[in-house]
Amino acid sequence: MFRRLEAAGTGAAPGRTVRISVDGGAIECREGDSVAAALLAAGMPACRDTAVSGTPRGPFCMMGVCYDCLVGIDGRANQQACMTRVREGMAVVRQTGAREVSA
Amino acid sequence: MAAAHHPEFDVAIVGGGLVGSSLAYGLRDGAESIAVLDEGDVALRASRGNFGLVWLQSKGFGMGAYSRWTLGSTRLWPRLAARLLDETGIDVALEQKGGLTPLMGDYEIEARLAWVNKLMAQPGVEPYEWKLLDHHQAASLVPGLGPDVTGAIWTPHDGIVNPLKLLRAFHTAFERSGVRYLPHHGVTRITQAGGVFSLETPKGTIRARKIVLASGLRNGELGEQVGLHLPMAPQRGQIIVLERTRPLHATPMVTLRQNDEGSWLVGDSQEDAGYADHVTTLPVLATLADRAVRTLPALKEVRAVRAWSALRVRAQDGFPVYEQSASHPGAFIVTCHSGVTLAATHALTLAPMIAAGALAPELDTFSTRRFHVQKT
Ligand SMILES: Cc1cc2nc3c(=O)[nH]c(=O)nc-3n(C[C@H](O)[C@H](O)[C@H](O)COP(=O)(O)OP(=O)(O)OC[C@H]3O[C@@H](n4cnc5c(N)ncnc54)[C@H](O)[C@@H]3O)c2cc1C
Ligand code: FES
């Protein structure tokens, strides 16, 4: 469903490659990608299941307001994928249900 | 226009918030036809912005009867919740396993203890179980309780409900039982002739044999039109909402609770700010946040997602107002500061009185007459 601009033939120059892992599997993305953009480009539109009904959800607004893009990043739950840039070696996990609050 | 098609209603309720809705819900057995007149989305609506506590322990200082009335409502709550579930399929998430007022330091503990003792000693208060807990006892009810909380007042009667689901349950029940909900029918003028009230609205005139004024902060203005003088004093409250987490199974606290769907509510200030409900202010939010994190340090990792202000519906002295107009018999006024807590008694005790046409003598203390005592 989603294609990168260069793949869509817009003439945009591809950025440097960055590798992250998603649920343990490696994906290649581009420097400057948000985690949300990287997941969409990698064909993973549903990055979480909702806390109440368990319905799959994915990035919607891409600008930090809808909270539909929550994922775990480097051990921290409920991070906004659209507001976080990819970094070499970053470990992303799918968010299922609500996060824990450690008491 | 549309109003011309409405029949003369048995009862018209002015205001479709929690107070008007709980009364309409309870009136169904005693009235042939009911209309609920409401304004539109821009109205002042405490019912959409509150903290959702079903709460006894802080009620009635200065009026013992209010404590007793509130205790009665907490006892009726399970019945209301069960009925709503049965009738609408909506679980309003009532939980009554006790509640806490966390206290930080000796000064707060001593001041609160003196206050509670004075409250409980008043005439009209029906004694109920309460305890001062030390940190250790309170921590057994709130996993992860911060060390700054050195004590807490606990009662088994307090609890929480989801106030938005409550409002939805009432309105779902209306659809299913023929109560007419009429939004955009803000009442501008009330007159009575030949035993029938005429309520003027931008959408035409609604006629009813009985009316109940439950218009929140507008009850002062509308009350004047039926000979009831009720001085209103709005009180602003700001609330912060944190993201959903797995349930922590913490006993609800008066300004910190987890919702049935996982969100955390951090509340709620008590400010004299007139009618300014369109802003939130950093000093207040910072204070609320600071206290929440001292109460439950693990919350510092939990994201804040939004904050809002809403106005408490409040008569000048903070106590409920229930009265039938002497000059306009058949016109009742209902105003209260805790419309969530009192929803059960409004639906199951007060509504039948209104249906029968007279409030019980035990409600005399709640009349507007208390505002007109000659002071020398
Ligand atoms: C921050 C905050 C926290 C709170 N926490 C709690 C709590 O934990 N527990 C608790 O028990 N209570 C709590 N409350 C109080 C509770 O929310 C209110 O007591 C309750 O919602 C009042 O309901 P209401 O129907 O009287 O008012 P509202 O919700 O204000 O409803 C009044 C309705 O009347 C309508 N109206 C106004 N004028 C007219 C007119 N002329 N014609 C027709 N309709 C009209 C309005 O449009 C509105 O829909 C809190 C309130 C606030 C603000
Ligand atoms: S996609 Fe909306 S907050 Fe991230």
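Here is a short walk through helix packing, salt bridges and the chain interface in this predicted model.

1. A word on conventions: residues are numbered from 1 along each chain as its sequence is written, while chains are lettered from A and ligands numbered from 1 in the order in which they are written. In this predicted model, local features need pLDDT of at least 70, side-chain atom pairs count only at pLDDT 80 or more, and totals for chains, interfaces and linings use all residues; side-chain values use heavy atoms, with hydrogens and water left out.

2. Let's start with helix α1 of chain B, residues 18-27, which packs against helix α5 of chain B, residues 163-177. Their axes are 10 Å apart at an angle of about 40° (axes are lines fitted to C-alpha atoms, for helices over the stretch in contact, and angles run from 0 to 180 degrees between N-to-C directions; helices are DSSP runs of H or I with at least four residues, strands are runs of E with at least two, and both are numbered from the N terminus). α1(B) and α5(B) are therefore oblique to each other (under 35 degrees counts as roughly parallel, over 145 as roughly antiparallel, 65 to 115 as roughly perpendicular and the rest as oblique).

3. Who meets whom here? Residues of α1(B) including Leu18(B) and Tyr25(B) meet residues of α5(B), among them Phe170(B) and Phe174(B) (contact means heavy atoms within 4.5 Å). By class, this contact of α1(B) with α5(B) has 9 nonpolar, 3 polar and no charged residues (Ala, Val, Leu, Ile, Met, Phe, Trp, Tyr, Cys and Pro count as nonpolar, Asp, Glu, Lys and Arg as charged, and the others, Gly among them, as polar).

4. α1(B) also meets α8(B): the two axes come within 7 Å and cross at roughly 55°. That makes α1(B) oblique to α8(B). The residues in contact include Val19(B) and Leu23(B) of α1(B), with Leu350(B) and Ile354(B) of α8(B) among their counterparts. The classes here are 10 nonpolar, 3 polar and no charged residues.

5. Next comes helix α2 of chain B (residues 64-88), whose axis comes within 7 Å of that of helix α8 (residues 343-356) of chain B, crossing at roughly 85°. That makes α2(B) roughly perpendicular to α8(B). Among the contacting residues are Trp69(B), Trp77(B) and Arg83(B) of α2(B) and Ala343(B) and Leu348(B) of α8(B). This contact of α2(B) with α8(B) has 8 nonpolar, 3 polar and 2 charged residues.

6. Arg28(B) and Glu87(B) join their side chains in a salt bridge, 2.6 Å from N to O (a side-chain nitrogen of Lys or Arg within 4 Å of a carboxyl oxygen of Asp or Glu). Arg28(B) lies in the loop between α1 and β2 (34-37) of chain B and Glu87(B) in helix α2 of chain B, so the pair links distant parts of the chain, 59 residues apart.

7. Finally, the interface: 16 residues of chain B are in contact with 16 residues of chain A. About 1300 Å² is buried between them, with carbon and sulfur atoms giving 53% (buried area is the accessible area, with a 1.4 Å probe, that two parts lose on being put together, summed over both). Arg244(B), Arg246(B) and Arg303(B) supply 42% of the area that chain B buries against chain A, more than any other three residues. The interface has 3 salt bridges; Arg76(A) forms a salt bridge with Glu301(B), their closest N and O atoms being 3.3 Å apart.
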